[in-house]
Amino acid sequence: MTDAAPKIQLRDVHKAFGGKIVLNGAELDVGTGESLVVIGGSGSGKSVMIKCILGLLAADSGSILVDGEEVVGISARERERVNKKFGMLFQGAALFDSLPVWENVAFGLLAEKRYSRHEARDVALAKLAQVGLGAEVGELFPAELSGGMQKRVALARAIASDPEIIFFDEPTTGLDPIMADVINDLIIKITREVGATALSITHDMASARKIANRIAMLYDGKIIWSGPTGEIDEADNAHVDQFIHGRAEGPIKMAVRA
Amino acid sequence: MNFVQIIGRFFLGFLATTGRLGIFAGASLSHIVRPPFYPRIIVRQMVEIGYFSLPVVGLTALFAGMVLALQSYTGFARFSAEGAIANVVVLSITRELGPVLAGLMVAGRIGAAMAAEIGTMRVTEQVDALTTLSTNPMKYLVAPRLLAGLTMLPLLVLVADVIGVFGGYLVAVYKLGFNPANYLQNTWDFLEAQDVISGLVKASMFGFIVTLMGCYHGYHSRGGA
C-alpha cells in the first residue's frame, strides 16, 4: 500500500507544555492511501501529535512534511491552504450547536465559497446519505441527535470537501460496541470511496485492528513500534504486548496520580 | 514564601494577562476590517446585543430619568431653582447615565453569556473544528461580536437617552406640575451636540470592552465546568 513518497512525514517532533514533555522526538510516515492507526495510552501524546500536524498546536521543534512540504512554522495563510487537504473527525464530534445538521456538513464548502448555499445543501445531503443518514436529519440540530448519529454527521462533515487526508481522533470513544463497529465500517467504506489517506488515533484495539493497514504505537512521546496490522501480535516489544492485551502489569506504568 | 516574592509574582501575572489581552484586542480589531466577513453572524449578534437588550435598557433608562427629576426637584425646590431640573436630567442622562446603564445592562446580559458560549465551543473542540474547516475562529466568533458591541451600544444609548429624558418629562409634568412646553424648551436649550456625542463614544467603548472581555475569557477557557 505504501508508495515511495509518504503523504505525511514526522521527523524528530518535540512538543512540551511548560515542563511537561509530551512529544519527544516522534517519527512517523504515513503512506499515500494507507490507513495508519496510532495506538497509545491516555496521555501518551496521540492527540497532541495530530494537533501538531493540523496546526492547532505549534510543534516546538522538528519537521512535519505534508506531501513533501514543511508545515512547521508556516504562515497562517499557508496553513489555511494546506488544511484544505485535511478532514478531521473530532473525538466529541464537535458539531456546531447553533447550526442545523446540513449546515454543519456544508460548513467547509460554504467557507471556501466553492458553492452557493443551495448547491452546498445538496452536497451536504449527498454526504449525509453516504454515512447512512436521511435528508430529514439535515434539518435537525446536533443536540437532537444520538451520539452515534452525531459521529456520523461529523464524519460527513470531515469528508464534505473531499479531503486527501482524514484524521480520526478516537472515532469509537463513547459509543456502544455495536455502534462502534458501525462507525468502523463506515470509516473503512468512506476512506475507500474518497480514496483518502487516513490517520487515526485510538486506544480501542478492536477498532484499530479493523480500520488499520498499519499500526504504530506511541509511548513516552516516541513511536516505539510500527508495522502491518497482522504483525502486531508477533511484535517483539513488551510495551506493545502489554498494551494490546490490556495488562496492568508490565513496562508501561500508568500515572494514577497526575 | 517571601512577601516580596508574592507581590512580584502577582505583578508579573498581571503584566502577562494585560499583554495577552492587548494582543487579543489588536488581533480581533484587525480581523474586523479584513475579509472574509460573515454578515449573517454580524446581523445575528447585532440583534442579540442590540434589539434584545432594548426592554431592559429602556426600563432602566425610564426609571433613571424619573428618579432624577423627582429627586433633583426635592433638592432644587429649596433654592427655587426648579427651572434647572430639565437641564440636570438631560445632561446626566446623555453624558453619563445613558452609557453607564446601557453598558451595565449589556454587560450583565451579554458578557457572561458570550464567555459561556465561546467557552463551551472551545472545550468541545468546536473552535478547533472551525480551523480545520478553513475558517479563522477569531474572524468567525470574535470579530462579529466585537463589531456588534461597538455599533449597537451607541444605538442602544440613543434610545436610552430619549426614554430617559421622557421619564424625567413624565414626572416633571404629571407629578410636579411643570408646563410641558417650557420643560421641553429647557431641555432642548441646554443640550449640545457634544453632550450626546461624548455619551455615544463612551457607549461604543463600553460595548467594545464588554464584548472583548466576554470573547477573551471564552476563547481562553479550558477544561471542565
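**Group meeting: a predicted two-chain model**

Let me start with strand E3 of chain A, residues 35-39: five of its five residues are buried, so the strand is largely enclosed by the rest of the structure. Buried here means that 20 or more other C-beta atoms lie within 10 Å of the residue's own; exposed means 12 or fewer, partly exposed is in between, and the C-beta atoms are placed from the backbone. Strands, labelled E, are DSSP runs of at least two residues, and helices are H or I runs of at least four, numbered from the N terminus.

A word on the source: this is a predicted model, where local features need pLDDT of at least 70, side-chain atom pairs count only at pLDDT 80 or more, and totals for chains, interfaces and linings use all residues. Residues are numbered from 1 along each chain as its sequence is written, while chains are lettered from A and ligands numbered from 1 in the order in which they are written.

Back to E3(A). Which way do its residues point? A:Ser35, A:Val37 and A:Ile39 point one way, A:Leu36 and A:Val38 the other way, and all are buried.

E3(A) runs parallel to strand E8 (residues 197-202) of chain A, with five bridges between them, and A:Val38 stands opposite A:Ile201 in E8(A). E3(A) is also parallel to strand E9 (residues 214-219) of chain A, through four bridges; there, A:Ile39 stands opposite A:Met217.

Strand E6 of chain A has a parallel partner too: four bridges link E6(A) to strand E7, residues 165-169. The bridge partner of A:Leu89 in E7(A) is A:Phe168. From E6(A), A:Phe86 and A:Met88 point one way, A:Gly87 and A:Leu89 point the other way, and all are buried.

What about antiparallel pairing? Chain A has an open sheet of four strands with antiparallel pairing, in the order E2-E1-E4-E5. Its edge strands, each pairing on one side only, are E2 (20-31) and E5 (69-70). E1 (residues 6-17) is joined to E2(A) by nine antiparallel bridges, and A:Leu10 has A:Leu28 in E2(A) as its bridge partner.

Stepping back, chain A has nine helices and 10 strands. Its radius of gyration is 18 Å, close to the 18 Å that the globule rule gives for 258 residues, so chain A is as compact as a globular protein of that length. That radius is taken over C-alpha atoms, and the rule is 2.2 Å times the number of residues to the power 0.38. Of those 258 residues, 43% count as buried.

Chain B is built another way: eight helices and zero strands. Chain B has a radius of gyration of 22 Å, whereas a compact globule of 225 residues would be near 17 Å. Its C-alpha atoms fill a box of roughly 65 × 55 × 30 Å along the principal axes, and buried residues make up 40% of the chain.

How do the chains meet? The contact takes 15 residues from chain A and 10 residues from chain B, with contact meaning C-beta atoms, placed from the backbone, within 7 Å. On the chain A side, helix H2 (76-83), strand E6 (86-89) and helix H4 (107-111) each supply at least two residues. H4(A) gives the largest share, three residues.

Then the core, meaning a set of buried Ala, Val, Leu, Ile, Met, Phe, Trp, Tyr and Cys residues joined through C-beta atoms within 7 Å. The largest nonpolar core has 128 residues, and those with the most contacts inside it are A:Phe167 and B:Ala102. Helix H6 (residues 137-174) of chain B gives the most to this core, 19 residues. Leaving aside neighbours within four places in sequence, A:Phe167 is in contact with residues including A:Phe86, A:Met88 and A:Leu89.

Finally, confidence: the model scores ipTM 0.85 and pTM 0.86. Chain B averages a pLDDT of 92, and 98% of its residues score at least 70; pLDDT is the predictor's confidence in each residue, from 0 to 100. Thanks, everyone!

Definitions and conventions
Two residues are in contact if their C-beta atoms, placed from the backbone, lie within 7 Å. Two strands pair if DSSP finds at least two bridges between them.
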